[in-house]
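Visitor: I'm new to reading protein structures. Can you walk me through one?
Guide: Happy to. Here it is.

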Amino acid sequence: MRESRFLASIFSCLGVSALVLIVSASTVPAQTGRVSPPTVRDPKGATLERTNREATLRSAEMEVAVEKTDQRRINATIEQMKEDFRHIQIVRNEIVRNILANKPFDYTLISEEAGDVRKRADRLKSTLVAPAGEEADKSQKNEIDFTDQEMKSVLVRLCKLIDSFVENPVLKTPGITDAQQSKKVAGDLLIIIDLSANIKRSADRLNKTSK
């Protein structure tokens, strides 16, 4: 819009200048007796040139808008990753406190915590795990129902997997490139997703049977 107003002001100034030239030209015959023939202009050509110029400006504006939108999307993704990475550790600490309390498990709470871990781990997977890794993991997924006696040990395993994931040097130290550790990040994350889903499903089942 700024460029369009700028062009409009230029055209306005050009119109004023043309008017001055016409007025000046009209005074020449009285002084010299000679009249210069006007220049023939193609109105269609002038319109086409102006249209092309405005189209170029609009194209430039659209490119800038797309770049800004892409950058905002990238920034939003990074912030979401940071939040998921931080929150998954908070939930891990809550699970540890529940284990150390040595009380009967609140399966409603366990279901919520496991569901939260799975949701955030799944979101992290979309940016940290290559599609090839996801495809390879599909054949390994299986549904397991844990009993009340097994729940403590599987919760401990989930916490240790989260520790392994967040402490991986590839994630802790920017700039590190290690193919083996990157593969471990993907493996831990996919197992966390699978295990937390099984824990949530088992907790929901145990919660119903206990009522």
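**Salt bridges and helices**

Guide: Start with K82 and E79, whose side chains meet in a salt bridge (3.7 Å, N to O). A salt bridge is a side-chain nitrogen of Lys or Arg within 4 Å of a carboxyl oxygen of Asp or Glu.

Visitor: Where do K82 and E79 lie?
Guide: Both are in helix α2, 3 residues apart, about one turn of the helix. Helices (H or I, at least four residues) and strands (E, at least two) are DSSP runs, numbered from the N terminus.

Visitor: Hold on, what kind of model is this?
Guide: This is a predicted model: local features need pLDDT of at least 70, side-chain atom pairs count only at pLDDT 80 or more, and totals for chains, interfaces and linings use all residues. Residues are numbered from 1 along each chain as its sequence is written, and side-chain values use heavy atoms, with hydrogens and water left out.

Visitor: Back to the pair. Is K82 buried or exposed?
Guide: K82 is exposed, with a relative accessible area of 52%. E79 is partly exposed, at 48%. Buried means under 20% relative accessible area, exposed over 50%, partly exposed in between (1.4 Å probe, protein chains only).

Visitor: Which residue does R73 form a salt bridge with?
Guide: With D70; the closest N and O atoms are 3.0 Å apart. Both lie in helix α2 (residues 43-100), 3 residues apart. R73 is exposed at 51% relative accessibility. D70 is partly exposed at 35%.

Visitor: And what about D188 and K184?
Guide: Their side chains meet in a salt bridge too, at 3.0 Å, N to O. They sit 4 residues apart in helix α7, so about one helical turn separates them. D188 is buried, at 9% relative accessibility. K184 is partly exposed, at 36%.

Visitor: How many salt bridges does the structure hold?
Guide: It holds 11. D84, D116, R120 and R123 are linked in a network of them.

Visitor: New topic. How far does α7 reach?
Guide: Helix α7 (residues 179-209) has 31 residues and reaches 45 Å from its first C-alpha to its last. That is close to the 45 Å expected at 1.5 Å a residue. The expected span is 1.5 Å times one less than the number of residues.

Visitor: Which residue caps its N-terminal end?
Guide: D178 does: a side-chain oxygen lies 3.0 Å from the backbone nitrogen of Q180.

Visitor: How many helices and strands are there?
Guide: The protein has 7 helices and 0 strands.

Visitor: How much of the protein is buried?
Guide: Buried residues make up 24% of the 211 residues.

Terms used:
Polar contact = N/O pair within 3.5 Å; in protein donor to acceptor, adjacent residues only side chain to side chain.
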